[in-house]
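Reader: Please walk me through this model, with the computed values behind each point.

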Amino acid sequence: MRLIINGEAQNICANTLSELLRLMDYEGEWLATAVNGELVHREDRADHALDENDRIEILTPMQGG
Amino acid sequence: MLTLYGAEIASRLLLGTARYPSPAILTEAVQRSQTAIVTVSLRRETAGGRNGGAFFDMIRSLGVRVLPNTAGCHGVSEAVLTAKMAREVFQTSWIKLEVIGNHDTLQPDVFGLVEAARILSGEGFEVFPYTTDDLVVAERLLEAGCKVLMPWCAPIGSAAGPLNLSALRAMRAHFPEVPLIVDAGIGRPSHAATVMELGFDAVLLNTAVAGAGDPVSMAEAFARAVAAGHQAFGAGMLEPREMAVPSTPVIGRAVFA
């Protein structure tokens, strides 16, 4: 399935957002996720089905001013 | 004591966490500054979240409040989504709201800022808006639900110091009850002292410390300058005058001729 992950097109077969994170080796409590411009809460990732061409953002804490 | 959205804050210096030579120097600078609030950001990461995780753990170990920002956002929807994602990660409703309008000056898009502030306030966020020194914009931000204002004093990272003292003075006079934090443009401790002497409640800075030759020592210098400026404002300063006024009494002086 073609997904746009953090701005890059990738072919990954994942049915849900939590499955995608697992396949991509993302881990930890400090991730924030959004699909197609909408926040997906941590507790909703397992139920959030992914579709072809979904735009997924995965953000983590970073230095900032 | 400084009160921001009901929270009592022990320090009037807020520090950013970017651009330090190393995490160890950042940690030491935060400790030496005795700041109670640090700003952080959110970014895309490819290392499975592990870099962000390490940074997150370090920030939590500092024992200070976190003020996440929406740095780099150029539109309302982008800023609102980033704020929501920050709340998810940092478990705080505080957000330093940046909606950048100009690439060269990093000047806020004040129209987008007000709109984003209204949306976020409606969703329970406690918004710290990075704004200009414009009184009308400030008024709109307060109407949008902001209870703190963070005007720039010069462009971000410029180290130019307060470019428009009259505007900052007017802002203080117009909003005597609103916590005002100067955000962006501070380069030297004397700049920080100057705005604190005007009666501003706090100063937020990053590059002036992180980019200093000795960031840890500079963090302490800023802490002292902020405290001195605040104390001086409270103590009441003399107004400048045109003519000399002798500080030593004239009465009783010796006459030798």
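This is a predicted model: local features need pLDDT of at least 70, side-chain atom pairs count only at pLDDT 80 or more; totals for chains, interfaces and linings use all residues.

Author: Residues are numbered from 1 along each chain as its sequence is written, chains are lettered from A and ligands numbered from 1 in the order in which they are written, and side-chain values use heavy atoms, with hydrogens and water left out.

Reader: In what order do the elements of chain A run?

Author: Helices (H or I, at least four residues) and strands (E, at least two) are DSSP runs, numbered from the N terminus. Chain A has one helix and five strands. From the N terminus, the order is β-β-α-β-β-β.

Reader: What is the radius of gyration of chain A?

Author: The radius is taken over C-alpha atoms, and the globule rule is 2.2 Å times the number of residues to the power 0.38. For 65 residues, a compact globule would come out near 11 Å. The C-alpha atoms fill a box of roughly 35 × 25 × 20 Å along the principal axes. Chain A agrees with the rule, at 11 Å.

Reader: What share of the residues in chain A is buried?

Author: Buried means under 20% relative accessible area, exposed over 50%, and partly exposed in between (1.4 Å probe, protein chains only). Chain A exposes about 3300 Å², with 43% from carbon and sulfur atoms (Shrake-Rupley method, 1.4 Å probe; for residues, only the protein chains shown count as cover). Of its 65 residues, the buried share is 45%.

Reader: How far apart are the mean positions of the positive and negative charges in chain A?

Author: Lys and Arg count as positive and Asp and Glu as negative, while His and the chain ends are not counted. Each charge is placed at NZ of Lys, CZ of Arg, CG of Asp or CD of Glu. Chain A has 5 positive and 13 negative charges, and their mean positions are separated by 2 Å.

Reader: What is the radius of gyration of chain B?

Author: Chain B has nine helices and ten strands. The globule rule gives 18 Å for 257 residues, and the value for chain B is close to that, so the chain is as compact as a globular protein of that length. The C-alpha trace spans about 90 × 40 × 35 Å along its principal axes. The radius of gyration is 20 Å.

Reader: In chain B, what share of contacts with a separation of 6 or more joins residues 24 or more positions apart?

Author: Contact means heavy atoms within 4.5 Å. Buried residues make up 53% of the 257 residues in chain B. Among the contacts you ask about, the share is 65%.

Reader: Which domain does UniProt place at residues 4-249 of chain B?

Author: Over this stretch the chain is 42% helix and 16% strand. Its end C-alpha atoms are 46 Å apart. The name comes from an unreviewed UniProt entry, and such annotations may be inferred rather than shown by experiment (feature names are shortened, positions follow the numbering used here). The record reads "domain: Thiazole synthase ThiG".

Reader: B:K96 carries the UniProt annotation "active site". Is B:K96 buried or exposed?

Author: The annotation comes from an unreviewed entry. B:K96 lies in strand β6 (residues 94-97) of chain B. Its contacts beyond four places in sequence include A:G65, B:N69, B:Y130 and B:D183. At a relative accessible area of 2%, B:K96 is buried.

Reader: Which chain B residue does A:R45 touch?

Author: A:R45 sits in the loop between β4 (38-40) and β5 (55-63) of chain A. A:R45 counts as buried, at 6% relative accessibility. Leaving out residues up to four places away, its contacts include A:T16, A:L31 and A:V40. In chain B, A:R45 touches B:E88.

Reader: What is phi of B:R19?

Author: Most residues other than glycine have a negative phi. B:R19 is in the loop between β3 (13-16) and α1 (23-33) of chain B. B:R19 is exposed, with a relative accessible area of 65%. Its phi is positive, near 70 degrees.

Reader: Where is B:F125 found?

Author: B:F125 counts as buried, at 5% relative accessibility. Its contacts beyond four places in sequence include B:A83, B:R87 and B:I95. B:F125 is found in the loop between α4 (110-122) and β7 (126-131) of chain B.
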